[in-house]
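Here's a quick briefing to read alongside the model. Have the structure open while you go through the points.

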Amino acid sequence: MSNKLAVVTGANKGLGFALVKGLCSKYDGTVYLTSRDDKRGKAACEELKKLGLNAEYHQLDIAKHESVKRFCDFLKHKQKKIDILVNNAGILFLKDAPEPKWYQAEETIFVNFSALVNFTEAILPFVSDHGKIVNISSSSGHLSRIPSEELRNKFKSVELNLDDLKNLMVDYVKAAKEGKEKEKGWGDSAYVVSKVGVNAYTFMLHKKLSKRGISVNCVHPGYVMSDMTRGGGSITPEQGAVHALRLALQPEGGGLYVWHDGTPVPWDGPDPRSYIDGKL
Ligand SMILES: NC(=O)c1ccc[n+]([C@@H]2O[C@H](COP(=O)([O-])OP(=O)(O)OC[C@H]3O[C@@H](n4cnc5c(N)ncnc54)[C@H](OP(=O)(O)O)[C@@H]3O)[C@@H](O)[C@H]2O)c1
């Protein structure tokens with residue numbers, strides 16, 4: 001086995017687990033299944049063993065600074081470099097969630113955007129040159145999902161840097177806390193704003209890392225049967241993992257937003273839910 005290493009976040013179940021499963025079968029290197037909960041993570045590794053697959057385990061809560069630091073220290077100590085990183089961990093408050101809207105907004109941006117960014121920035125020194133980073137986005141990450149043209153222009157500006165992007169997210173959370181998110185053009189979905197942020201970060205990071213030969217892509221996996229969708233969905237986690245795995249194993253480019261049918265789509269173009277899925 002080679003000295004290469006792949007890491008998947010939020011991998012104890014759902015799409016993350018399927019991604020680890022796929023990597024264990026197809027990747028010539030060590031695969032790290034990470035989970036914020038030790039018990040769930042270790043149980044997932046045991047499940048893989050029953051399938052004849054081997055993944056290493058490490059605890060990782062991307063939203064907790066100490067946990068991220070522990071994981072980085074572990075990599076440093078082991079002198080390990082990451083060849084593949086899949087940022088999969090994420091949350092969604094469904095429409096009937098009892099938590100107040102302001103809390104949903106804050107928590108969704110914190111986990112799906114801020115924690116993903118903070119974790120990725122912390123782990124970057126351990127990503128090898130020519131490595132691959134795949135961010136699991138969503139159809140909700142398409143720029144057209146933000147109603148305000150002014151905001152869309154800010155997101156797609158070539159001048160936008162990471163601080164600007166973080167500030168946009170702060171503006172959104174502030175608007176949501178004041179109950180003014182719709183009035184200010186953000187729409188009514190914190191999940192949309194968080195995934196639009198993930199996509200903007202993907203393109204920015206790809207630009208920054210391309211001189212090291214690192215490709216950074218994001219993917220909409222499709223409507224996946226998982227706990228997030230309460231078992232709803234039209235495809236299995238294994239089917240949802242197909243294009244993310246392709247981007248991790250043999251990327252055909254970088255800075256791409258890949259739809260669930262495998263097509264790279266323009267982020268600031270028309271909503272692919274209509275011209276690909278035919279659903280709008
Ligand atoms: N399901 C869909 O239809 C769909 C569609 C588009 C995009 N996605 C995206 O696909 C990804 C995976 O979703 P899924 O459907 O597999 O959902 P899921 O079954 O709910 O799994 C989410 C995973 O993320 C983990 N997680 C949450 N917060 C975390 C944190 N702070 N640190 C580390 N791990 C954390 C969860 O851990 P616990 O088990 O400890 O909670 C779980 O392992 C998400 O990014 C989601 O937004 C899903």
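**Around the ligand**

Of the 30 residues around the ligand, the ones that come nearest are Gly10, Gly14, Gly90, Ser226 and Met228; a residue is near a molecule if its C-beta atom, placed from the backbone, lies within 6 Å of it. Keep in mind that this is a predicted model: local features need pLDDT of at least 70, side-chain atom pairs count only at pLDDT 80 or more, and totals for chains, interfaces and linings use all residues. Residues are numbered from 1 along each chain as its sequence is written.

- By class, the shell around the ligand holds 13 nonpolar, 11 polar and 6 charged residues. Here Ala, Val, Leu, Ile, Met, Phe, Trp, Tyr, Cys and Pro count as nonpolar, Asp, Glu, Lys and Arg as charged, and the others, Gly among them, as polar.
- Two helices, α1 (14-26) and α4 (101-123), each supply at least two residues of that shell. Helices (H or I, at least four residues) and strands (E, at least two) are DSSP runs, numbered from the N terminus.
- α1 gives the most to the shell, with 3 residues.

**Helix α1**

- α1 is mostly covered, with 10 of its 13 residues buried. Buried means 20 or more other C-beta atoms within 10 Å of the residue's own, exposed means 12 or fewer, and partly exposed is in between, with C-beta atoms placed from the backbone.
- Among the buried residues of α1 are Gly14, Phe17, Val20 and Lys21.
- The cover over these buried residues includes β1 (5-8), β2, α2, β4 (82-87), β5 (127-136) and α8 (237-249).
- The length of α1 checks out: at 1.5 Å a residue its 13 residues should span 18 Å, and its end C-alpha atoms are 19 Å apart, which agrees. The expected span is 1.5 Å times one less than the number of residues.

**The sheet**

- The 7 strands make an open sheet in the order β3-β2-β1-β4-β5-β6-β7, with parallel pairing. β3 and β7 (257-258) stand at the edges with a single partner strand each, so one side of each has no neighbour in the sheet. Two strands pair if DSSP finds at least two bridges between them.
- At one end, 4 bridges join β2 (residues 30-35) to β3 (residues 56-59), and the two run parallel. Ser35 stands opposite Gln59 in β3.
- β2, helix α2 (residues 38-50) and β3 form a right-handed β-α-β unit. Right-handed means that, with the strands pointing away from the viewer, the path from the first strand over the helix to the second runs clockwise.
- β6 (residues 215-219) is joined to β7 by 2 bridges, again in parallel. Cys218 stands opposite Tyr257 in β7.

**Residues to look at individually**

- Gln79 sits in the loop between α3 (65-78) and β4. Its phi is near 55 degrees, a positive value in a residue other than glycine. With 8 C-beta neighbours inside 10 Å, Gln79 counts as exposed.
- His130 is in strand β5 and has a positive phi of about 70 degrees, although it is not a glycine. It counts as exposed because it has 10 C-beta neighbours inside 10 Å.
- Ser234 lies in the loop between β6 and α8, and with 12 C-beta neighbours inside 10 Å it counts as exposed.
- Leaving aside neighbours within four places in sequence, Ser234 is in contact (C-beta atoms, placed from the backbone, within 7 Å) with Gly222 and Tyr223.
- Ser234 and Asp37 are 197 residues apart in sequence and 28 Å apart in space, C-alpha to C-alpha.

Technical notes. Contact = placed C-beta atoms within 7 Å.
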